[in-house]
Amino acid sequence: MTPRGWDGFPRLLHAEWTKFRTVRGWTLGVVTAALMVVLVAVLAGVSSDQRDRPVVPIGPDGGPVTDSFYFVHRPLTRDGSITVSVSALTSSIPTSPGNLRRDTVPWAKAGLIIKDGTRQGSPYAAIMVTGGHGVRMQDDYVNDTADPSGESPRWLRLDRSGNAVTGSTSTDGTRWNTVGTVHVEGLGSTVQGGLFVASPPSVQGMGTDVTVSTADFEDLDTRSGWHGRDWTGDQVGPESAGFAGYPVGTSGSVTESDGRFTVTGAGDIAPAVRYSLPTGGTLKDILTGTFAALIAVIVIGALFITTEYRGRLIHVTLAASPRRGRVLLAKAVVLGSVTAAAGVVGATIALPLGERLARANGVYIFPATTSTQLRIVLGTAALLATASILALAVGAVVRRSAGAVTAVVVALVLPHLLIANPFTPSGLSDWLARVTPAAAFSVQQTLVRYDQVSSVYTPYNGYYPLAPWAGYAVLAGYAVLGLAVAVVVLRRRDA
Amino acid sequence: MRSTPTHPEVVVAGLRKRYGTTLALDGMSFTVRPGLVTGFIGPNGAGKSTTMRVVLGLDAVDEGTALVGGTPYRDLRNPLSHVGSLLDASAPHPARSARDHLLWLAHSQGLGASRVDQVVERVGLTSAARRKAGGYSLGMRQRLGIAAALLGDPPIILLDEPFNGMDPEGIIWMRGFLRSLAEQGRAVLVSSHLMSEVQDTADHLVVVGRGKVVADAGVADLIAAASGNRVAVRTAARPEAMALLSHAGATVAASGRDTVTVSGLTADHVVTLLNRGAIPFSEVFAHRATLEEAYLELTRDAVEFRATSPEEVSR
Amino acid sequence: MKRALHAEWTKTRTVAGPWWLLLGAVVLTIASSALVTSLATCHTAGCHTDTTRLSLTGVHLGQALIAILAVRFLSDEYDSGMIRTTLAAIPHRPTAFAAKAVTLTGVVAVAGSIAILGSLLAGRIILPGNGFTPAHGHPALSLADWPTLRATVGSILYLTLIALLSLGITAVLRDSATSTGAVLGLLYLFPVLAQVIDDPHWQRLLHQIGPMSAGLTIQATTDLHTLPLTPWAGLGVTAGWAAAALAAGGLLLHIRDA
């Protein structure tokens, strides 16, 4: 007679499931939601044609890279070392076409590099002075080590021994400090080595400007394994997808007098980021149909409770199951399961389909590991389910479907639109992506922020301020809070 | 799973509920007993529906208790196997069929589809059961509501205005149906704002007005109480008779072209007085009130003025 | 028609819901405009910020409440069955529908004017403190400035058109939740979809035909040549959507059983 435990809950679930599936419009709505995800993925895949655009260079780890810089090189077979002193690194940013202004470019780079040929994306190791981040040793685009000595040395050295490359620095050319030894997989027996200068675009507000940098090198010295006597100056990757080019009126060059090399270069040797690859797409873009699906599941979530009030069906429901909190919970579970299933099905079909169509049209899609793809599929499902449950909770409180639908759609979609609006101040879009339910879209992000690349890392470009599941947790928090309020209100209020 | 309450009755005691400045329930108390059809009668706004919602745990009260089989409704495990109910205007989702509506309700109690088909047949909805409920007439919706009330085969059945929207054939069916439920030993509470709907069906009546019970009695007792000790006199000399009788201390009212209703005097006394006054009369008989009159008598006070206490009524 | 209008006005006037929604729309529009405006800064000359447009950002949010108001203007009648009473009182359905549309237009135009002028005033007060000064090339917002006047009047018209669009859609769909979903989808999905389409031609087209993205070009006061279409043409697109929705809704109301 008296209630004990939760053993009646499965029945409640069964009842709510029967309720759900017997209204054809709701079933149809859920199917539509999954379909929207797939359709927009197809639309995104077929709508862009970039087959005539430059190919995106791929680094040793499979990720896209920027590999465009000015390279002064000679071949090196097997082991050998190279030493140089860098006496000056200056950078300039155009103020207007043809006019340059001296400025600091924090990640302008000048130093030594050993690279498996001049092919874009080939493995390398390098040591360099930078415009604002001291001496760094970097290899294979994504790895970056700061000089631990903390001094400001002028002398740089690279030693190759097989696949191992050791970088060292010195303030006087005699006492050397090791920065690090890296193992570069895939270095052939004969590689290209020498001087390089790179100068990545400088971030100016919500955009970037191309830059150019010039460095003076002295005391160039090579030991064993180096061929020939002449240094060749080349622009690596002049027609590359991630290379913004030189400011008007400048170009890459090398001049030598009295053992002093003056090298001018632009570009970067680093992982590619979204802003430097405007032609690139992400899996999140492919899943843009999530927005349409969201509106559908939000409508269903609100209706699942508000229709009970419209016909006073709630009386029948609560007479059959007087424990109101559990009724709402059963509704949430049924609704969440159904909409999550729609999300899983939609995303599982949409992702590979959209990716394949986009690739066939020459669009570069930022890669994602299998586990990331799984996270995106599950995250999309969770996003739809949670949004729908939030609508259910709001609907239970306000008992008005129009209000519930608007509240949740506005909370989820409007912040995204403001984020995507170029007029929106960046502080506002970051704030929106942190505190509003729209933070949950971060579960679909695939892009990684690199400290060694200055770029426009905004939610609009696919970089959310919160980690994927942390962003989702913001939405989940709203939903849990909403459900708690709804349970309290439902218990207190006369039905 | 089903556990029959030891006393399949509804006991409502001292319910009070206020909506803002309106006192909806003002000490509502009564008992619904097994084996009887209890009519729950009162004018609109007397608190009938509110009381039923309170019994079903849908509305909370400021004071008082409502127990079904000794337990608050909200604590029942499989409530529909204890109490079946039909509330006014409780409508299924328009896009859902009657059968599907009953199916989810059955699932919530752990019942299967076969039980659904049984109750659908019992209320005569079989032919329409698979149609969308949006197209149902009010009478069909009422039958669907009755089917829902029967689903758990409960010993207690509460029906709020079940006759609303029913055609004459439906009303006759409903009366027989309610009788059969009571004969099976169930406690049946049927609310109505029209005495005529329940007078031939109910065994017991709870008459309410302004949120409290104004009469709680068997049908026969209620008629007797309403009739009082009134005497009707048929006479050709009505004004003279009225003057004479009122002079003798009786309360006199003209109740027809040639009829006078007298209260406060016995029939014998009236005959004696009339004979003494030499007023011609053709008939003197004990006045017998109809249930409708009794109801109007009881609720007129309740509606228009202050509530009359049950003691005053039975006097 | 006059009686029908009077009836609609009385219906609107005598329930609290519409007034709360109108108040909410005004408050939310001004508050969100002020919030966005207060977050924008300009430290040097040549910020290239369209301050008028920035001050009117709140319309994005305010229109959602106007949409609920418009949807419920009709859907409440279907929910409660009152539509039958309404049509029994005014059997000529086009008249009944027109009376609703005119009443809605009136109340939204009044509330919209308060919301828009309030947002502009907030911008006028807040912006100079954030560096949007005449010295930096940003004179105070003024209605004497023709583009700003156009943006102001246009935004009020835009809100009215959104209300009419919502009313038309509700007459077609009759359910409040579905209608709200459809209206918000129509407003918000065009700009979202435009983001994924890389083809500039298609992207431009989506901006040109979306009721929100096209209509809000009326708020632009600078760099008009970069817009996908001119301000008035943009508002015309929204008007076209509203007219189409009203026509479809009116027709269905006319031929369908109530």
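Modeller: A nonpolar core is a set of buried nonpolar residues, such as Leu, Ile and Val, joined through C-beta atoms within 7 Å. Keep in mind that this model is predicted.

Colleague: Which residues have the most contacts inside the largest nonpolar core?

Modeller: They are A:Ile298, A:Leu384, A:Ala387, A:Val408, B:Leu102 and B:Ala147. The core itself has 305 residues. Helix α7 of chain A, residues 370–398, gives the most to this core: 16 residues.

Colleague: Take B:Leu102. What is B:Leu102 in contact with, leaving aside its neighbours within four places in sequence?

Modeller: Its partners are B:Val116, B:Val119, B:Val120, B:Ala147, B:Ala148 and B:Leu151. Another core lies apart from the largest one. That core has 12 residues, among them B:Ala241, B:Ala250, B:Val270 and B:Leu274.

Colleague: Now the interfaces. How is the size of an interface often given?

Modeller: Often as the accessible area lost when the parts come together. Here, we count residues in contact instead. For chains C and A, the contact takes 33 residues from chain C and 34 from chain A.

Colleague: Which element of chain C gives the most to the side that touches chain A?

Modeller: α8(C), with 14 residues. Elements giving two or more residues to that side include α2 (16–39) and α4 (59–80) of chain C. By class, the side has 19 nonpolar, eight polar and six charged residues.

Colleague: And how many residues of chain B are in contact with chain A?

Modeller: 32 residues of chain B meet 28 residues of chain A. Helix α2 of chain B, residues 98–108, gives the largest share of chain B's side, six residues. That side divides into 16 nonpolar, 10 polar and six charged residues.

How values were computed. Residues are numbered from 1 along each chain as its sequence is written. Chains are lettered from A and ligands numbered from 1 in the order in which they are written. This is a predicted model: local features need pLDDT of at least 70, side-chain atom pairs count only at pLDDT 80 or more; totals for chains, interfaces and linings use all residues. Two residues are in contact if their C-beta atoms, placed from the backbone, lie within 7 Å. Helices (H or I, at least four residues) and strands (E, at least two) are DSSP runs, numbered from the N terminus. Ala, Val, Leu, Ile, Met, Phe, Trp, Tyr, Cys and Pro count as nonpolar, Asp, Glu, Lys and Arg as charged, and the others, Gly among them, as polar. A residue is buried if 20 or more other C-beta atoms lie within 10 Å of its own, exposed if 12 or fewer, and partly exposed in between; C-beta atoms are placed from the backbone.
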